[in-house]
Amino acid sequence: MRGAGRSTGRASLTGSTEVGDVEAVCRWVADNLNPRGVLLVGSSAGAPIAGSAVDKVDQVIGYVSIGYPFGLMASVLFGRHHNAILKSEKPKLFVMGTKDGFTSVKQLQNKLKNAAGRVDTHLIEGAGHFQMEGPAFDARMVDLIVNFIKSLPK
C-alpha cells in the first residue's frame, strides 16, 4: 500500500489507485521475470485491492486472500472491490481467522457461496484479523500458499 512502512506516496481511502499499482507490478514481473504465472496474494486491505486486479492481467493464474474484509464496516471502504474477485473464474483461496474482527465466518461463507470458479477456504481457529500478518503465522501462510500453487493446473 502506498504510504505504508517504507513505501512512498499516500494511500487512497478506498484502494482504487492501488489497483493500478498491483497491475503495474504484475506486468513488470510477467515481462521481466517470465514466470509460469503470477499468483496474487493480498492481506487485509490488500486483499480486495489484489482481487480487483486478478482479471486485469492475463498472467495472473490465481489469488490468495488473507483476512479479506467482507464485513459491513470494511465494505463501506472496500465494497466496490468485492464483485471483481467474486466474479473471477480464476482459482481463489480465502484464509481467515475465526476471530476476525472485520468479517465473521458466516459473512465470508455468504459472500463466497455464489462466487465464480474454484473457491477454497481455510479457517484458522482462534486467530484474529491482524494475528495472521504476524511472524507466528508466517510458516503456516507459506505452507497454505505453496499447497494452493501445487493444486493449480499446469
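A residue counts as buried here when its relative accessible area is under 20%. With that in mind, welcome to this predicted model. Eight of the eight residues of helix α2 are buried, so this helix is largely enclosed by the rest of the structure. Let's look at that helix, then at the sheet, the nonpolar cores and the charged pairs.

**The enclosed helix**

- The buried residues of α2 are Gly46, Ala47, Pro48, Ile49, Ala50, Gly51, Ser52 and Ala53.

- Four strands form an open sheet in the order β1-β2-β3-β4, and their pairing is parallel.
- At the edges are β1 and β4 (119-124), each of which pairs on one side only.
- From one strand to the next, the twist averages 15°.
- Strands β3 and β4 run parallel and are joined by six bridges.
- If you look along β4, you can find Leu123 standing opposite Met96.
- Helix α5 (residues 138-151) packs on this sheet and touches β1, β2, β3 and β4. The direction of α5 makes about 160° with that of β3.

**The nonpolar cores**

- The largest nonpolar core has 22 residues, and the members that touch the most others are Leu40, Tyr63 and Phe94.
- Two or more residues of this core come from each of α1 (16-33), β1 (38-43), α2 (46-53), β2 (60-66), α3 (72-87), β3 (92-97) and α4 (105-112).
- Which element gives the largest share of this core? Helix α2 does, with four residues.
- Beyond its neighbours within four places in sequence, Leu40 is in contact with Val22, Cys26, Ala50, Ala53, Val54, Val60, Gly62, Tyr63 and Val64.
- Another core lies apart from the largest one; it has 14 residues, including Leu39, Leu93, Ala127 and Ile145.

**A closer look at Leu108**

- Leu108 sits in helix α4.
- Is Leu108 buried or exposed? Its relative accessibility is 3%, so Leu108 counts as buried.
- Leaving aside neighbours within four places in sequence, the contacts of Leu108 are Phe70, Phe94, Met96, Thr103, Thr121 and Leu123.
- From C-alpha to C-alpha, Leu108 and Phe137 are 20 Å apart in space, and they are 29 residues apart in sequence.

**The charged pairs**

- Side chains of opposite charge can pair when their charged atoms come close.
- How many salt bridges does the structure hold? The structure holds four.
- One of them joins the side chains of Arg27 and Glu23, at 3.5 Å from N to O. These two residues are four apart in helix α1, so about one helical turn separates them.
- Arg27 is partly exposed, with a relative accessible area of 36%, whereas Glu23 is buried, at 14%.
- Glu23 also meets Lys56 in a salt bridge of 3.9 Å, N to O. Because Glu23 lies in α1 and Lys56 in the loop between α2 and β2, the pair ties together parts that are 33 residues apart in sequence.
- Lys56 has a relative accessible area of 46%, so Lys56 is partly exposed.
- Together, Glu23, Arg27 and Lys56 are linked in a network of salt bridges.
- Lys90 and Asp55 form a salt bridge as well, again through their side chains (3.9 Å, N to O). This pair links distant parts of the chain, 35 residues apart: Lys90 is in the loop between α3 and β3, and Asp55 is in the loop between α2 and β2.
- Lys90 counts as buried at 18% relative accessibility, while Asp55 counts as partly exposed at 44%.

Notes:
Residues numbered from 1 in each chain as written. Predicted model: local features only at pLDDT ≥ 70, side-chain atom pairs only at ≥ 80, totals over all residues. Heavy atoms only, no water. Core = buried A, V, L, I, M, F, W, Y, C linked by side-chain atoms within 4.5 Å. Buried < 20%, exposed > 50% of the residue type's maximum accessible area, 1.4 Å probe, protein only. Contact = heavy atoms within 4.5 Å. Pairing = 2+ DSSP bridges. Axes fitted to C-alpha atoms, helices over the stretch in contact; angles between N-to-C directions.
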